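Please look over the sequence and the structure, then read the points below.

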Amino acid sequence: MDIMEIFQRSFGWIGGGLKVCYYIYQVAPFIRVIKGKLNYKDTPVIHALICYINCLFWYDYGEFMKKYEIKIWNLINTYIFFALIAIYLIYERKEYSEDSLYNAIIFTTGSWILSLELSLFSNRKIEIILMISTIIEYASLIKFVYRAKKEKNYNLIKINSIKFNLLSCLFWIIYGVFLRTYIIFPNSIGIIVSSALIWVHSKHRKTYSSEEKEAASSILANKTEKDESKNKIDFDDRKLDPIKLINRLRNKNNLKIKI
């Protein structure tokens with residue numbers, strides 16, 4: 001391996017490391033389950049399963065193409081999501097032992113079959129499968145955008161995670177250009193999706209932030225207006241008797257006036 005090839009492959013190693021950083025953000029909900037701060041049913045386990053299958057396919061692709069930078073990073077990602085799904089199954093076992101056992105059998109058997117079947121396909125078919133699995137993974141992010149829009153809480157979109165993915169896809173595209181590999185196309189989808197999510201987060205976060213400021217200003221203005229109206233006293237001597245004026249001052253300001 002000459003220096004130029006090492007330089008070209010370095011983009012893959014960097015891109016793979018950034019992808020791991022992107023996936024690490026998805027560990028947080030499962031850590032909260034372990035700490036007892038979140039119910040296991042509220043974890044994004046379906047999204048984790050989709051990512052697991054996609055990473056497993058990419059690992060097999062790296063093995064098939066003898067691209068170790070693709071193989072090793074996706075092997076790490078596969079183990080990450082395997083652990084997350086295992087956490088879900090462990091906590092599911094406490095409530096539904098039989099269902100947890102069936103799901104565990106299906107999960108492990110399915111993983112083994114998917115790994116074997118992919119190696120039997122031609123290179124072209126593997127590329128099509130990878131494209132489909134990548135599209136499905138990014139499509140599963142839509143529910144987070146929908147939830148953020150519904151709850152008007154765009155912090156639900158882990159924007160730092162998305163930025164890691166954007167950079168990862170960029171490095172993988174450069175890697176693909178140098179080595180002329182198929183990896184360019186699925187990562188181009190990642191660039192588009194990540195850029196769109198960053199734009200949505202930036203736009204709507206500013207919108208809701210300005211709305212919150214306006215609402216706070218309105219509440220403050222109403223409160224001030226009410227306070228002023230409470231303390232307002234009519235000093236028109238033609239309509240107000242001096243004795244009534246003294247009584248009002250006593251009631252409102254708790255003053256002790258000696259006559």
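Two residues are in contact when heavy atoms of theirs lie within 4.5 Å. This is a predicted model, in which local features need pLDDT of at least 70, side-chain atom pairs count only at pLDDT 80 or more, and totals for chains, interfaces and linings use all residues. Residues are numbered from 1 along each chain as its sequence is written, and side-chain values use heavy atoms, with hydrogens and water left out.

**Overall make-up**

- The protein has ten helices and zero strands; helices (H or I, at least four residues) and strands (E, at least two) are DSSP runs, numbered from the N terminus.
- Of the 259 residues in the protein, 35% are buried, where buried means under 20% relative accessible area, exposed over 50% and partly exposed in between, with a 1.4 Å probe and protein chains only.
- Counting contacts between residues at least 6 apart in sequence, 71% join residues at least 24 apart.

**Helix H1 and its partners**

- Helix H1 covers residues 3-24, which is 22 residues.
- From first C-alpha to last, H1 reaches 32 Å, close to the 32 Å expected at 1.5 Å a residue; the expected span is 1.5 Å times one less than the number of residues.
- Among the buried residues of H1 are Phe11, Leu18, Lys19, Val20 and Tyr23.
- The buried residues of H1 pack against helices H3 (45-65), H4 (68-95), H6 (123-139) and H8 (159-179).
- H1 and H8 pack at about 160° with their axes 8 Å apart; axes are lines fitted to C-alpha atoms, for helices over the stretch in contact, and angles run from 0 to 180 degrees between N-to-C directions.
- H1 is therefore roughly antiparallel to H8, a label for angles over 145 degrees, with under 35 being roughly parallel, 65 to 115 roughly perpendicular and the rest oblique.
- The residues of the contact of H1 with H8 are 16 nonpolar, seven polar and two charged; Ala, Val, Leu, Ile, Met, Phe, Trp, Tyr, Cys and Pro count as nonpolar, Asp, Glu, Lys and Arg as charged, and the others, Gly among them, as polar.

**Helices H3 and H4**

- The axes of H3 and H4 come within 8 Å and cross at roughly 155°, so H3 is roughly antiparallel to H4.
- The contact of H3 with H4 involves 16 nonpolar, four polar and two charged residues.
- On the H3 side, the residues include Cys55, Trp58 and Tyr59, and on the H4 side they include Asn74, Asn77 and Phe81.

**Cysteine 55 and asparagine 77**

- Cysteine 55 is in helix H3 and counts as buried because its relative accessibility is 1%.
- Leaving out residues up to four places away in sequence, cysteine 55 touches Tyr23, Asn74, Asn77, Thr78 and Phe81.
- Cysteine 55 and threonine 134 are 79 residues apart in sequence, and their C-alpha atoms are 9.0 Å apart.
- Asparagine 77 belongs to helix H4 and is likewise counted as buried, at 1% relative accessibility.
- With residues up to four places away not counted, asparagine 77 touches Lys19, Val20, Tyr23 and Cys55.

**Isoleucine 159**

- Isoleucine 159 lies in helix H8 and is buried, with a relative accessible area of 15%.
- Apart from neighbours within four places in sequence, isoleucine 159 is in contact with Leu197, Ile198 and His201.
- The C-alpha atoms of isoleucine 159 and isoleucine 198 are separated by 6.6 Å, although the two residues are 39 residues apart along the chain.
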